[in-house]
Amino acid sequence: MDRFFQLKQNNTDVKTEIIAGATTFLSMAYILAVNPNMLADAGMDSSGVFTATAISAAIATLIMAFLSNYPVALASGMGLNAYFTYSVCIPLAQQGINDPWKIALTAVLCEGIIFILLSICKFRETLINDVPKNLKYGITVGIGLFITLIGLSNAGIVIASSSTLVDLGAVPSAPFALAFLGFLIICILQHHKVICPILWGMLATWIMGMIAQAAGWYEINAQLGHYSVFPDFKGASFIPSMPAFFAFDFGFIAENFMQFAVIVFSFLFVDLFDTVGGLIGIADKGNLLDKEGKLPRASGALLSDAIGTVVGACMGTSTVTTYMESCAGVGQGGRTGLTSVSTALFFIAALFFSPIFLAIPGFATAPALIFVGWLMISSVKKMNFEEDMADSIGGFVAIVMMPFTYSIANGIMFGILSWVILKILSGRAKDVPVIMWISSLLFAFRIITMIV
């Protein structure tokens with residue numbers, strides 16, 4: 001394993017990598033509960049989606065491990081699954097179309113095939129490497145704020161408000177208090193250099209949640225998203241359900257080509273730049289970028305993501321993409337593909353122990369996300385705010401647009417657009433790489449489709 005994954009070269013060892021993989025898995029295990037519930041609204045069988053989600057995540061993450069040797073995990077993407085259900089399937093169902101989820105899966109398949117072609121011709125790799133350093137650091141900081149916001153939201157520390165957009169949650173509530181306490185526990189463990197502080201912090205928060213539920217402080221309320229934190233083995237099945245293999249509908253394309261093309265492009269756009277931003281952020285925090293700020297073996301990582309999307313579609317789940325929660329494992333010391341192998345094995349195990357993994361509450365993973373957000377925000381120190389206005393403003397726009405629009409893709413889109421426009425207006429259009437021109441055209445087309 002040392003030779004294959006180059007552990008010594010990356011200053012890590014087997015124990016660290018396995019713990020990092022477990023940390024990454026626990027940080028993203030919520031997708032095993034969220035994705036089946038969300039795709040059930042699209043008319044799919046939730047138990048089959050659970051199996052498809054776990055298996056596709058395991059396969060895609062293993063491919064990432066062996067093709068790129070990066071500590072990056074993949075699974076059905078949040079946001080993309082919401083688009084799958086509420087922007088594609090439900091509107092199609094309202095048009096009287098039966099089993100609209102088959103059309104959505106067909107679109108995901110086409111997206112994955114296009115991604116494979118773009119990866120082979122190294123379009124996506126060139127995009128990652130040609131993004132200016134300042135913009136890369138801005139993307140990392142923006143993602144840090146974004147996942148911090150996810151963690152705060154999962155714990156009810158930050159809530160939506162009609163008057164102030166966001167507001168402080170219920171301070172006396174158990175999720176709020178336990179998540180904040182869990183975050184402080186991770187910080188204390190980190191200060192005292194305790195091994196795997198993020199993992200121990202999450203487990204401590206989960207245990208405190210069980211105590212709080214037993215004491216009556218944490219009350220189960222499905223409307224508020226408060227479910228039991230104790231594993232429920234009553235009537236539980238430890239045999240995985242069959243997913244919807246190859247459930248595609250190609251007949252819709254011939255009669256509704258333009259509508260189908262818009263669906264595919266929307267999946268394509270969000271996944272493309274979510275993945276680019278995710279890899280940049282993870283690589284930056286793991287010190288995986290080279291001296292020129294480029295990502296070695298980027299083609300393998302991007303091809304893994306593309307293959308994962310195709311596998312997910314064939315299994316019967318929404319778009320599989322790179323998970324920012326991988327930063328939790330990187331923050332725990334994960335540096336190689338062995339971390340990804342560990343994460344993948346946990347996904348496989350989850351198939352047979354679903355009651356245990358599905359019991360992990362969002363407020364238990366929130367401390368890890370908030371702490372990793374703190375780690376990622378430190379990249380702002382690497383940004384140069386004095387030399388080039390385009391570089392500094394582009395990075396700044398990426399930082400603010402990601403959390404405030406709740407989208408990594410939006411942050412990259414407006415960050416790159418700002419950078420290109422300012423380069424042109426400052427008379428430095430010749431400094432804009434070809435790939436950035438192409439990206440700008442894609443963004444312009446994306447904005448047109450949003451308007452139309």
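Predicted model: local features only at pLDDT ≥ 70, side-chain atom pairs only at ≥ 80, totals over all residues.
**Ground rules.** I number residues from 1 along each chain as its sequence is written, and my side-chain values use heavy atoms, with hydrogens and water left out.

**Cavity.** I looked for cavities (on a 1 Å grid over the protein atoms alone, sets of points where a 1.4 Å probe fits but cannot get out), and the structure holds 1 of 30 Å³ or more. The largest cavity has about 40 Å³ of space, a volume being the space filled by probe spheres set on points joined across faces, edges and corners. Its lining, meaning residues with an atom within 4 Å of a point, consists of Leu26, Met202, Leu203, Trp206, Ile360, Ala364 and Thr365. Helices H10 (197–215) and H17 (362–377) each give two or more residues to this lining, and H10 gives the most, with 3; helices here are DSSP runs of H or I with at least four residues, and strands are E runs of at least two, numbered from the N terminus.

**Pocket.** For the second largest pocket (an open set with protein on both sides within 12 Å along at least five of seven lines), I noted about 250 Å³ of space. Of its 14 lining residues, Asn10, Gly286, Asn287, Leu288 and Arg335 are the closest to its centre. The lining of this pocket divides into 3 nonpolar, 9 polar and 2 charged residues, with Gly counted as polar.

**Strand pair.** Strands S2 (residues 158–161) and S3 (residues 165–168) run antiparallel and are joined by 4 bridges, where pairing requires at least two DSSP bridges. A hairpin through 3 residues joins S2 to S3, and Ile159 stands opposite Asp167 in S3.
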